[in-house]
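Please examine the model shown below, taking its conventions and cut-offs together with the features reported under each heading.

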Amino acid sequence: MKTQIDHLVVVASSLEVGVQWCEATLGITPSAGGEHEKYGTHNRLFKIATPQYPLAYFEIIAINPEAVIPKRLQVTRWFDMDDMALHKAIAQEPRLVHFVSSTDDIKAARHALRTQGIERGQIVHASRKSSKGMLHWQITVREDGERLFNGCLPTLIQWGKPEAAEPLRLHPRNSLPRSGVSLQSLTVHHPSSAKLQNALDAVGLTGVEVVNGPANLVATLQTPKGLVQLQSLGI
């Protein structure tokens, strides 16, 4: 299977706060994103791709206060967005909390993690409207919404419908303009670094450095404001 970094996830207390933080921290205004009706969230996006990370983009995501989800359909939100510790952290400022890896065989990748004793979650079919048409994807989401390994183990995503001949045709990076921000490196620090490294190896993910130590996700970005490091700080 082919697996690579897809996007970084920054959670904000509101999308407006996320945009202001992005402008102040990275020196750009993020592009329009969309809404995720199932989870009651919405986002803003921008491209951070480089030859080393050709699919990479950046997602700022927040709970949509205007979303109405019927009680019978309510589920725990992805990326630990219902977790009180995360809520407390992002109340201070938006925080890098996770990353997502794209795979061309999400079932095989999920099974590979299971052989490592890791339950990445059910494969959920999702979609949202985009400027180029309806964007479809499959993504692993645990019923409890947990990211695992303090956000240092990526969520898995496979773009397009299962039968799509060109699954990456509507990938967000194809419609996003150049942002002036590019991903230089991604490093994960964790006390269970050996287990984490084995998990990344199992799904064939490269381009991520694994370091033993206190939990932390560190993304280094080249921006209009110079080199910027974003950290999860173990949340």
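The model is a predicted one, in which local features need pLDDT of at least 70 and side-chain atom pairs count only at pLDDT 80 or more, whereas totals for chains, interfaces and linings use all residues. Residues are numbered from 1 along each chain as its sequence is written, and side-chain values use heavy atoms, with hydrogens and water left out.

Helices (H or I, at least four residues) and strands (E, at least two) are DSSP runs, numbered from the N terminus. Within α2, which spans residues 84-92, L86, A89 and I90 are buried (buried means under 20% relative accessible area, exposed over 50% and partly exposed in between, with a 1.4 Å probe and protein chains only). These residues cover an arc of only 90 degrees around the axis, so they lie on the same side of α2, the arc being that of the directions from the helix axis to the C-beta atoms. On the other side of α2, M84, K88, A91 and Q92 are exposed. The buried residues of α2 pack against β1 (3-11) and β5 (95-103), where contact means heavy atoms within 4.5 Å.

## Aromatic pairs

Five aromatic pairs are found in a search of the whole structure; rings of Phe, Tyr and Trp (its six-membered ring) pair if their centres lie within 6.5 Å, and planes under 30 degrees apart count as stacked, over 60 as edge-to-face and the rest as tilted. The pair formed by F46 and F58 is stacked, because the ring centres are 4.5 Å apart and the planes are at 15 degrees. Since F46 lies in strand β3 (residues 41-47) and F58 in strand β4 (residues 57-63), this pair ties together parts that are twelve residues apart in sequence.

F46 is buried, with a relative accessible area of 2%, and F58 also counts as buried, at 0% relative accessibility. Ring pairs link W21, F46 and F58 into a cluster.

## The surroundings of H171

H171 is placed in the loop between β8 (155-159) and α4 (172-175), and this residue is buried, with a relative accessible area of 1%. The side chain of H171 makes polar contacts with the side chain of D6, at 2.8 Å, and with the side chain of W159, at 3.4 Å. When residues up to four places away in sequence are not counted, H171 touches D6, L55, Y57, L135 and W159.

## An exposed loop residue

K71, in the loop between β4 and α2, is exposed, with a relative accessible area of 75%. The C-alpha atoms of K71 and K2 are separated by 38 Å, the two residues being 69 residues apart along the chain.

## The four-stranded sheet

Four strands form an open sheet in the order β10-β9-β11-β12, with mixed pairing, where two strands pair if DSSP finds at least two bridges between them. The edge strands, each pairing on one side only, are β10 (209-212) and β12 (226-231). Strand β9 (residues 182-190) pairs with β10 in the parallel sense over four bridges, and T187 stands opposite E209 in β10.

Note on methods:
Polar contact = N/O pair within 3.5 Å; in protein donor to acceptor, adjacent residues only side chain to side chain.
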